[in-house]
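Here are my notes from going through the model you sent over. Have it open alongside as you read.

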Amino acid sequence: MKNSFFGILTLLLFFGCNLAKEEVVAEKEEVIAEKDEVVYDMYQPSEMANLMNQMFAENLQLKKDILAGKIPTEFPLDFLKIHTAELSEFKSRNETFQSFSKLFIESEKEIFNTESQVPLKERYNNTINLCISCHQTECTGPITRIQKLLIK
Ligand code: HEC
């Protein structure tokens, strides 16, 4: 009787100790998670950078659709945000930027113009070339990435 009592007691202690250990581990993980968040918080892409990544993704989808023989019909209205989206601190919306935005939007809209006489692939590539032209004026980093959007 006495023995089984101690047995249960040690069992409880054993599990209790393990629980405590798990709590410590969990706490450590939380601390690490918090540190990760801090690192994550430090990189804050601008509204424009987010829009650009979205445009990249949507044009990549367009490329796939065009290669699959689908006809795109709906211009993504979100793209119009290029005229207003906030840029990273060190960049400004100068005249060059504004004229390139206009040309780009007109060209992108043409992709969805089902009555156009210009071949779809050409309209699409013209648009991607405008992405690249604007990037050549001030933000050359992503150019090699953007070139991959072109339909060969
Ligand atoms: C009118 C000029 C202009 C046009 C047109 C343009 N971009 Fe950009 N792009 C910029 C600028 C400026 C930035 C930097 C934005 C910032 O840091 O706030 C940028 C940033 C980017 C980035 C990097 C985003 C990041 O995470 O930092 C990608 C990718 C990109 N553009 C892709 C594209 C694609 C794809 C197109 C065409 C569908 C395009 N851009 C059209 C000016 C332009």
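**Notes on the predicted model**

1. Keep in mind that this is a predicted model.

2. Now for the iron. Which residues coordinate the iron atom of the ligand? They are M52, through SD, and H135, through NE2, at 2.0 to 2.3 Å. M52 sits in helix 2 (residues 47-67) and H135 in helix 4 (residues 120-138), so the pair links distant parts of the chain, 83 residues apart.

3. Why is the arrangement around the iron atom of the ligand called octahedral? There are six donor atoms, and the angles they subtend run from 85 to 180°. Six donors count as octahedral if opposite ones are over 155 degrees apart and all others lie between 65 and 115. For reference, the ideal angles for six octahedral donors are 90 or 180 degrees.

4. Are the two coordinating residues buried or exposed? H135 has a relative accessible area of 11%, and the cut-off for buried is under 20%, so H135 counts as buried. M52 comes out at 25%, which makes this residue partly exposed.

5. The ligand has 24 residues around it, and the closest are S46, M52, C131, C134 and H135. S46 places a side-chain N or O atom 2.6 Å from an oxygen atom of the ligand. The side chain of S88 does likewise, with an N or O atom 2.6 Å from a ligand oxygen. For H135, a side-chain N or O atom is 2.8 Å from a nitrogen atom of the ligand; H135 is also one of the iron's coordinating residues.

6. Last, the overall fold. The secondary structure consists of five helices and zero strands, and along the sequence the pattern reads α-α-α-α-α. The protein has 152 residues, of which 28% count as buried. Among contacts with a separation of 6 or more, 63% come from residues 24 or more positions apart.

Terms used: Residues numbered from 1 in each chain as written. Predicted model: local features only at pLDDT ≥ 70, side-chain atom pairs only at ≥ 80, totals over all residues. Heavy atoms only, no water. Donors = N, O, S within 2.8 Å, 3.2 Å for Na, K, Ca; no water. Tetrahedral: all angles 85-135°; square planar, octahedral: opposite > 155°, others 65-115°. Helix = DSSP H or I, 4+ residues; strand = E, 2+ residues; numbered from the N terminus. Buried < 20%, exposed > 50% of the residue type's maximum accessible area, 1.4 Å probe, protein only. Near = heavy atom within 4 Å. Polar contact = N/O pair within 3.5 Å; in protein donor to acceptor, adjacent residues only side chain to side chain. Contact = heavy atoms within 4.5 Å.
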